Amino acid sequence: MYNEMFADDHAVRGPYEKVAEWINATGVDLLNLRQSEAEAIFRKIGITFAVYGEGADPERLIPFDLIPRVFGAAEWRKLSRGIKQRSRALNAFLYDVYHRGEIMRAGVVPEELVYQNEAFLPEMVGVDPPGKVYSHIVGVDIVRTDGDRFQVLEDNCRTPSGVSYMLENREIMMRMFPQLFKAGIVEAVDSYPGLLKKTLQEVAPIKCDDDPTVVLLTPGSLNSAYYEHSFLADLMGIELVEPQDLFVEKGLCWMRTTLGPQRVDVIYRRIDDTYIDPLAFKTDSLLGVPGIFDVYRSGGVTLCSAPGAGVADDKAIYVFVPDMIKFYLGEKPILENVQTWRCAEPDHCKYVIDNLKDLVVKRVHGSGGYGMLIGPHAARKEIEAFRAKIKANPSEFIAQPTLDLSTAPILGSEGVEERHVDFRPYCLVGKDIRLTPGGLTRVALKKGSLVVNSSQGGGVKDTWILAE
Amino acid sequence: MLSRTAENLFWMGRYMERADATARLIEMGYRMAMLPGSNEQEEWRSVAAASGSAPELADPEAKTLSASAVVQRLLLDPENASSIRSCLTSARANGRAIRTALTQDMWEALNDGWRSLGQMDADTALKNLPSLLEWTKHRTAAFRGASEISLLRNDGYYFLRMGGLVERADMTLRLLDVKYYVLLPETDVVGGGRDYHQWTSVLRATSALRAYHHVYKGDYTPWGIADFLILNTAFPRSVAYCYRSISRFLDDLAELYGEQGSPQAVAREMVEQLERTGIEELFQHGLHEFVSGAITTTRRLSFEISKAYHF
């Protein structure tokens, strides 16, 4: 197991020198005090996260751990190249899927995985989104399994959330410990909202002949990520709209304002494909903006991400991302995938069934850490239940080895302790590909746990990229 | 600005003002009910009536009315959309739905302590009534203060303020509607200390006691009080002040939007009526008629504002 802060001989690793110095100088007691102050501030500002199905508190806080997670400049250089490469390939793949399908014709990606995928939208075939961009914000979930080994766990091409934590965690660290940032050793993350807005403006639709009006579309204040929606809209200085604020007329999209209808050009939507347009997709749904998909298709408005972008972040498609990189870019993948068995393949399935106790099993379409099996930590009964489920419906599952995730220091009940972490950077794709030096580090706060999802007891940390 | 945002701001202004005014109203009832020789029942009944949200308690035919029932209904009841608790919760929900239209200061003022009234029962509330009412006034004052110092002076601010002013005019008018008989000249002959207390109670409910002294120097008289609450343009809870301010905000809005909306006609007509009418004339035509008419006009104004700005 790779401890990011300490080498085997207990020496502090280079990137963590400043953090170690700070922990020693501040002392655990004061750090604990600051941590509870930080929590009070988060509560006051209203940075909350709702967990579906738990009922109790609709506005819950994600625990924040005070000790930053650090990447050295050289580590980031590699990560950054890898993330951008991946984002480019995923978008090329999406364009291909909805056009000639070369990669399927070449036999690199199996046809049925794409065309029979739930996230594949036949309505999108032949549609040309501005700049050929489908996924404008790519969230790549990365784990570190050794000193120089970074592996991608999954890609998020639809509407990855969590970027507000990247910004707020930094904000709170700067508020509590300004002296840490004085020397400028940590790269700033506050460029993100500006870059995001620029990215969205760059993909204005062809019918837009003026400065594009960009809005952020949220399902509403009951959505679990509502805070993030309002936060980003605020930082970009754009309207935060709900579906009922928008309507379609004369082949264009408008929002209802106090001055009457105002034209909308680009919609950063934080709402699922199926709820965008009740006329085009989910006909029994009352949500969404009727007719907006037609406007999109005819170049009257841009939807970010494009409908149907989810076909690229499916866990079954994930397996092929390194092949996509070679196929579309002619490059060698910089970031590795995690070895993955697709249960749809009979020999893979057999291996999985026989080795369940050593594997992590995930649903192909699942997210949020729900409905997964962590073999080494699971009770026998649970394993048996999964075995039956896989046999009944093999193509629904994939399996991966239990990864030896790296650990980072946290402030625990016994002082500084180590916990497993992952990392999600947010790559922006418009005319250019842009990446803010930072991301969201999630940490499994339960000792020994490998599940970092906030819905399952995970917390967050500030993430430092050290300046060159 | 999105119409939904304007609507939310307008109503947030109304809710916060209503919470504040309700706290002052309960404060008045509490004080009056404690006076020696007061008819406790009657006092609480008029509080319920003035709030406009507890008709079943205000009904004079209804049986005994306890302080605890009024406090439950006006302070705590989540089913009563006008209870202090509901107002604070709704204002926060409105604010949350339009987070981007609020400043951080305003949000913090809305968000801070909004759960405090959560599970409280009427007995506990009654025991701590003065401090709870103080707390409510502090919450609303903090919010108002945060808006004043941090919100951009554009349409969002105008809608927020107009909501508060419409609500305030309405609250003052409803108080007058319930207490008008106290202010009728004939109560003079009924005379005695009782009326003195009744008059001051009306001033108290509008936090106008000291201010009244400054303006009218001498005694409490029914027409003095009515004049103060209706026609005095310097007193910020008077009908005239509220309407003049609304009219000014509608002008600001018209300047910003480049077009005059229909609500201005309603507001201006009232402003002009109040300017040319003296208090004697008002009494001559009937205080009660004027008050009922003004309540209807205020409702219409609110409706015209929402119609003109598409919410």
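**A walk through chain B**

Chain B has 311 residues, for which a compact globule would have a radius of gyration near 19 Å, and its value of 19 Å agrees (the radius is taken over C-alpha atoms, and the globule rule is 2.2 Å times the number of residues to the power 0.38). This is a predicted model, in which local features need pLDDT of at least 70 and side-chain atom pairs count only at pLDDT 80 or more, while totals for chains, interfaces and linings use all residues. Residues are numbered from 1 along each chain as its sequence is written, with chains lettered from A and ligands numbered from 1 in the order in which they are written.

Let's look at the fold. Chain B has 17 helices and zero strands (DSSP runs numbered from the N terminus: H or I of at least four residues for helices, E of at least two for strands).

Now for the domains. An automatic or database assignment gives domain 1 (1-151) and domain 2 (152-311) of chain B. Their centres, taken over C-alpha atoms, are separated by 20 Å. The contact takes 28 residues from domain 1 of chain B and 29 from domain 2 of chain B (two residues are in contact if their C-beta atoms, placed from the backbone, lie within 7 Å). On the domain 1 side, helix 1 of chain B gives the most, with 19 residues.

Helix 1 (3-34) of chain B turns up again where the chains meet. Here 17 residues of chain B are in contact with 17 residues of chain A. Helix 1, helix 5 (84-97) and helix 6 (104-111) of chain B each supply at least two residues of the side that touches chain A.
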